[in-house]
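Please load the structure in a viewer and keep the selection panel at hand. The stops below are to be visited in order.

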Amino acid sequence: MVSKTGRTFAQAKVNLALRILGRNADGYHSIETVFLRLELADSIVVRLTERARSLRCESMAGADPESNLGFRAATLFAAERGWPRGFEIDIEKHIPIGGGLGGGSADAAAVLRILNTLAPQPVSAERLLGMAAQLGSDVPFLTSGYLMALATGRGEIMTPLPPLPARKLVLLAPSREMSTADAYARVAATRGTYQPRSKTLTAEMFRSWDTVARHSVNEFEPLVGDEIPEIRSWLEVGARLGILTRLSGSGSTVFMVDTGTKDSLQAAIASLALDADATVIRTSTAASVVPVEILD
């Protein structure tokens, strides 16, 4: 009997470091980054159908399903494998949209993983990552079995890193979003003619939370901070309190990492200027990659 329904949790990520090395002839940017997986996750269910293709997500009601990365992931898998003919995707969102936490990419990765688990003839991990790379820079890491990785290229060339000790995090999302396209457009406007830059990140820099604190960097921070002033303020508060505080990805979410000192995060939050529309999410680094569960 062929299983027809699978479920998993699409885990978010933060970037402990993110540098922009150049822009390729195809317009995409070359980066180096360190990904870290979180417990925060969307819930994804995929059901096989005879022919119809659909997506349900209350948080994105009214949006064109074909623009959704999860829907695009299923369409890509079907085109490459000639299977399935139809699918129904249910997404329950918990990851803020447009916040640099890889929410859409995580959904796409989860859909790929579910379909490959349900498939009568699953593809290799390498081929699945190849599909993921066609969908976006964050998708390969979130499709992989890695908790933490150093990535280059467009994010698809990955070296797994030993996971750091578990830490609690607070995610701070302002009411305003910034799309990846807008963020990179700002980079292009400030860089002008790109001069290729050398890679500088190494695994040794991210072997402990102490070394992470010394080497963590995100080159989008000045640009996003100019557009969304509260982000600049939050980063300054974290720096003043000695708490690792970074923008994640190219989006608008700032993360603060628990130092292990009693109530350090609570004290930091109390020091922030948070408007009524800001979102505060408490989560932690992931202990494992959530497996796919077969429902029937």
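Begin by selecting strand 9 (residues 245-247) together with strand 10, which pair in the antiparallel sense over three bridges; strands are DSSP runs of E with at least two residues, numbered from the N terminus, and two of them pair if DSSP finds at least two bridges between them. The model is predicted: local features need pLDDT of at least 70 and side-chain atom pairs 80 or more, whereas totals for chains, interfaces and linings use all residues. Residues are numbered from 1 along each chain as its sequence is written, and side-chain values use heavy atoms, with hydrogens and water left out.

Select Arg246 next; its bridge partner in strand 10 is Phe255. Between strands 9 and 10 lie the six residues of a hairpin, where Gly249 in the turn has a positive phi of about 60°.

Now move to strand 7 (residues 168-173), which pairs with strand 10 in the antiparallel sense over four bridges. Here Leu169 stands opposite Val257.

Stay on strand 10 (residues 254-257) and display its side chains: Val254 and Met256 on one side, and Phe255 and Val257 on the other, are all buried (under 20% relative accessible area, 1.4 Å probe, protein chains only). In a regular strand, side chains alternate between the two faces of the sheet.

Finally, select helix 1 (residues 69-81) and helix 2 (residues 103-118), whose axes come within 7 Å and cross at roughly 35°; axes are lines fitted to C-alpha atoms over the stretch in contact, with angles from 0 to 180 degrees between N-to-C directions. Among the residues that meet are Ala73 and Phe77 in helix 1 and Val111 and Leu115 in helix 2, contact being heavy atoms within 4.5 Å.

Key
Buried < 20%, exposed > 50% of the residue type's maximum accessible area, 1.4 Å probe, protein only.
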